[in-house]
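Hi everyone, thanks for coming.

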Amino acid sequence: MASTVLEATRAAHEDLERLERLAVRELQREPANPRDRLFQSHRVRHMLDLVVSTSDKLVEIYEDKDNARKDEINTHLTAPTQSGLFSKYYERLKEIREYHRRNLSARFVSTTDDYEELLKEEPVIEFTGEETFGRYLDLHELYNEFINSKFGTLMEYSAYVGCFSQTDKISPSHKATRQYREYLEHVLEYLTSFLYRTEPLQDIEKIFLKLESEFEERWANGEIPGWGNKDTEKESEIDLDYYSTVEELVELGPEKLKQALAARGLKSGGTVQQRAERLFLLKHTPLEQLDRKHFAKVPCTKDGSNTTSNGSNVKDDMKKEIALMEVKMRRLCELLDEAFVRTKENAEKKLTLTYEEMEAEREEEEVQADTESDDEEQQIYNPLKLPMGWDGKPIPYWLYKLHGLGQEFKCEICGNHSYWGRRAYERHFKEWRHQHGMRCLGIPNTKNFNEITSIDEAKVLWEKIQARQGVNKWRPDLEEEYEDQEGNIYNKKTYTDLQRQGLI
């Protein structure tokens, strides 16, 4: 521990330089697998936090609010005469020797080893079992909150993950509720936590500050989708001058009446007749003079006070707050786009697995996590030359045999390109390489040519097909295939007819 303010300043600058060198050295090291890369990012983040805290201490020292640094400089580093300067020097030297005589351990204190330990430590990162060490998102709690809310709809978990950031489908009346705001708060809390755990080097605060500055300008110009746009406001506006009776308003339908009432801050519940009667009151009575019982209640403000909907400032502030939360949520979803794709694929895959298969897969992942080594120079033992998995390690041998990845298939049409495994071989007939080869031969790539990899065999088969059909050229209306969104296959003529009838 430093005995003087100047010594503390020097030690803090030394710590900053050491931390910067360690962070650079750690980033120059190539991680062995995704888990090691995550540990590396957290170690560097910890170093950066130490740099920030040490820099804050230096700022406090240089601000010198208690004048301790100034007094020490005046006492030890200044002297009125030349003889006084040497006397100050020897007095200071005597103090230093006396300090080290009383504290023998101070001679051998070295922080170099302490900082080197930062490169060896394994950060503690908490993930749930569903998250699989940051590979997938665990949105089950948010999913249950969504489907059990008034603004949500009943859907499968995989569909919820696919449309997680699509808030445009929620009506404006549901968005201006306390329940929706609490849902967004929970979403932001989880996504921020997940992003910090998986990408600790991301400066989330800086991202949010930039978003907020851009949001203020876009909000003022009415450019936020679903909020403040003039086109959106016009959708909920109903000119009462064109309606002379309540029955005419009833014909507009319940949804349009509900939007119009919510836009004016009135209660939007009840039957269609009640909504129309409530809205028709504004034809002869100004909104400010309307009875307060017709107004909807606005959620409590931050100070706990309640106010009615004719307090337009409070209502606008609440809308602005919810719109900003939606913008932040969409930005976080963009940063975690790959994780959302993996989560959706994993959810869809689980629908096809039995309980025993899911347990076996979970046990296999746990075994792989336990057997991962932290030694950087360890060579991966792979005598069978098995393909590498997503974790940078060879896939299990049983999986290698199951998919037949040791079996090689060559396709002459694809330029003698090799495909390993039956699955990759069957899939390549619909891929761009094989389609390009068939196009160069002037042969349509139909299902008749599946399993045909030889150019000569493809030509002979095409000639037989032409002779059997009695034509000398390919007829695209009958032989060109189209696929709809449900996976049904049609020829061009049938597909065009169904599309014109609006059936596809």
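**A walk through the model**

Let's start in a loop: Asn 416 sits between strand E3 (408–411) and strand E4 (417–420). Helices here are DSSP runs of H or I with at least four residues, strands are runs of E with at least two, and both are numbered from the N terminus. Asn 416 is not a glycine, yet its phi is positive, about 60 degrees. As a reminder, most residues other than glycine have a negative phi.

A word on where this comes from. The model is predicted, with local features needing pLDDT of at least 70 and side-chain atom pairs counting only at pLDDT 80 or more, while totals for chains, interfaces and linings use all residues. Residues are numbered from 1 along each chain as its sequence is written, and side-chain values use heavy atoms, with hydrogens and water left out.

Asp 64 is another non-glycine residue with a positive phi, near 50 degrees. You'll find Asp 64 in the loop between helix H2 (34–63) and helix H3 (68–76). Is Asp 64 buried or exposed? Buried, with a relative accessible area of 14%; the cut-offs are under 20% for buried, over 50% for exposed and in between for partly exposed, using a 1.4 Å probe and protein chains only.

Now the overall picture. The protein chain has 23 helices and 6 strands. Of its 504 residues, 31% are buried. Taking contacts (heavy atoms within 4.5 Å) between residues at least 6 apart in sequence, 51% join residues at least 24 apart.

On to the largest nonpolar core, which has 38 residues. By nonpolar core I mean a set of buried Ala, Val, Leu, Ile, Met, Phe, Trp, Tyr and Cys residues joined through side-chain atoms within 4.5 Å. Leu 137, Leu 139, Phe 164, Tyr 183, Leu 191 and Phe 340 touch the most other members. Two or more residues each come from helix H6 (140–147), H7, helix H9 (178–198), helix H10 (204–220), helix H15 (312–335) and helix H16 (337–350). Leaving aside neighbours within four places in sequence, the contacts of Leu 137 include Tyr 190, Leu 191, Phe 194 and Phe 340.

Please look next at Ser 165, in the loop between helix H7 (157–162) and helix H8 (172–175). Ser 165 is partly exposed, at 27% relative accessibility. Beyond residues up to four places away in sequence, Ser 165 touches Met 329, Arg 330 and Cys 333. Its C-alpha atom is 9.2 Å from that of Glu 334, which is 169 residues away along the chain.

Helix H13 (residues 254–263) has Leu 257, Lys 258, Ala 260 and Leu 261 buried. These four lie on the same side of H13, because they cover an arc of only 165 degrees around the axis, taken from the directions from the helix axis to the C-beta atoms. Arg 275 is itself buried, with a relative accessible area of 12%.

Last, the cysteines. How many disulfides does a search of the whole structure find? It finds 0, where a disulfide is a pair of cysteine sulfur atoms within 2.5 Å. For Cys 411, the closest cysteine sulfur is in Cys 414, 3.5 Å away and therefore too far for a bond. Cys 411 is buried at 0% relative accessible area, whereas Cys 440 is exposed at 56%.
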